[in-house]
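Student: I'd like to talk through the charged pairs in this one. Can you take me through them step by step?

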Amino acid sequence: MRKPQRIQHIGDNVKLGTDVEIWNLTYVGNGTEIGDGTKIGSLVHIDYDVKIGRRCKIEGCVYIPPLTVIGDDVFVGPGATFTNDPYPASGRLVGTRVEDEVVVGAGAVIGPGLTLGRGCVIGMGAVVTRDVPPEGVVYGNPARRGYEAAEYRKKKERWQKGR
Amino acid sequence: MRKPQRIQHIGDNVKLGTDVEIWNLTYVGNGTEIGDGTKIGSLVHIDYDVKIGRRCKIEGCVYIPPLTVIGDDVFVGPGATFTNDPYPASGRLVGTRVEDEVVVGAGAVIGPGLTLGRGCVIGMGAVVTRDVPPEGVVYGNPARRGYEAAEYRKKKERWQKGR
Amino acid sequence: MRKPQRIQHIGDNVKLGTDVEIWNLTYVGNGTEIGDGTKIGSLVHIDYDVKIGRRCKIEGCVYIPPLTVIGDDVFVGPGATFTNDPYPASGRLVGTRVEDEVVVGAGAVIGPGLTLGRGCVIGMGAVVTRDVPPEGVVYGNPARRGYEAAEYRKKKERWQKGR
C-alpha cells in the first residue's frame, strides 16, 4: 500500500498478539486484548476492556462494547452490533460471551449478557435476545432456533466445493 | 490518554454546549447543535442541521441525518439509524423528532418524519415505521406496541439493584 | 468548508469518474471503480474490487464488500450492509449485483450473490435472502414481496408534491 499513515484510534494498554491486523478508520479502546492472528476490518468500534481471541475475523462496521469476551476462531460479519446494557443507561453493564468457532452474520444485533455457545451460527440480520446453545443456528427478529450447525457445515462444504 | 490528536470531522458553525464529549472517528456536519453534557461515541455520523439536547448519550456507529431533533436525556444505542426521506431521493426531507427521555435500542432503524414520544422505549433491532406514543415500548420488524415504559422502568430498577 | 484536510482511506488504483464526491471518514479499497457524479457519504466502507455506477448516492455508514457490482442511479440508504459470503469464511466469495435505479432502504441487510433487479425497492430494515425481481418491493425479516415499484413511484410523486 502506498499510504504509510495510519488513521486509527488505538487506546492505551491495548495488548495485541502476533500478526494482528487492524485496518484504517478503526477504534480500539484502552486495555483491550486481541489474540494472535486476528484481523479487524475498517470502521470497527471495539471499546475498552474487550477480549478477543486468536484467529478471529471481525469485519467492517462492527460495534463491540466494553466487557465483551470473544473466543478463538470466531467470525463476526459486517455491521454486527453487540451490547452490554439491558436497560440503558442502567450503570450495571454485562458483557456478552462468544465461545470458540461462533459465526455471527452480517447486521446481527446481539443482546447484553448472553452466551453464544461454541460453534453456533447467528443468521444475517438476526436480533438475538436469548442465549444460543452450542451448535445452534438462529435467525429472525427476535431470533429463533433453526437447524443445527452440523447441517450448516455440510452446506458450507458443498458451497466450498462449488455445489 | 496519550493521544493528543483528534481524528474527527467537525463542520462549520457547530454549536457545542458545555461538557460535550465527542469521541474520535466521528463526523458532525455544519450547523448542528449539541446541548450541555451530551456524550457522542466514536464512528458516529451526525449530519448538518441536527439538534441534540442536553445530557444525551449517543453510542458508537449511530447515523443521524439532517433535520433530526433530539430532546434531553435521550439514549441512542449503538448502530441505530435514523432517516429523513420516505421515498429516496425525493428531495423533500422530513426529520424525526425524539422527545425527552427516550431510549432507542441498539441497531434500531427509525423511519422518517416520525415522533418518538416522551419516555418511550424502542427495542433493540426494532424497525420503526409509525409514531410511538409517549411511554410506549415497541419492538420487532415492523415494530409493534409491547408493554408500557412504566413496566420497563420497574424492570430497570430491579436490574440496577442486582435483581 | 474550512477544513482542507481529508480524513479518508483511498486505496491504490481506485478509479473515480468526474464529479465523484467522497466524504470524510470513508474507506475505499484498492481497485474499486466509482462512476461519474456518484456521491459517497461519511463512515462508509467500500472494499476492494467493487464497481459502482454513475449518479448513485451511497449514504453514511454503509458497508459494501469485495465483488459487489452496483449499477447507475442507485440509492443506498444509511447503515445498509451488503455481503459476499454465504458460509463465512468459506473462501468462495460471490458478490451481489444491484441493477440500475434500485433503492435500498436504511439499515437493510443484503445477502451474498443476489441480484436486486432493475428499479426494485428494498424496504428499511429488510433482511434480503433471495433475489428481488425488477420492480419488486420487499420488506421484513426475512424480506417478502410487497407491492410493485410502480405504486411506490406514485406514492413518491404524491409525497414530492406535498401530498
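Predicted model: local features only at pLDDT ≥ 70, side-chain atom pairs only at ≥ 80, totals over all residues.

Student: How many salt bridges does the structure hold over all chains?

Tutor: The cut-off is within 4 Å, nitrogen to carboxyl oxygen. Taken over all chains, the salt bridges come to 27.

Student: Which residue forms a salt bridge with Lys15(A)?

Tutor: Start from Lys15(A), which sits in strand 2 of chain A. Its partner is 18 residues apart, in strand 5 (residues 33-34) of chain A. The closest N and O atoms are 3.9 Å apart, and the partner is Glu33(A).

Student: Is Lys15(A) buried or exposed?

Tutor: Exposed means over 50% relative accessible area. Lys15(A) has 52% relative accessibility, so Lys15(A) counts as exposed.

Student: And how many residues apart in sequence are the parts that Arg118(A) and Glu101(A) tie together?

Tutor: Those two side chains meet in a salt bridge at 3.2 Å, N to O. Arg118(A) is in the loop between strand 17 and strand 18 of chain A, while Glu101(A) is in the loop between strand 14 and strand 15, so the parts they tie together are apart in sequence by 17 residues.

Notes
Residues numbered from 1 in each chain as written. Chains lettered and ligands numbered in written order. Heavy atoms only, no water. Helix = DSSP H or I, 4+ residues; strand = E, 2+ residues; numbered from the N terminus. Buried < 20%, exposed > 50% of the residue type's maximum accessible area, 1.4 Å probe, protein only.
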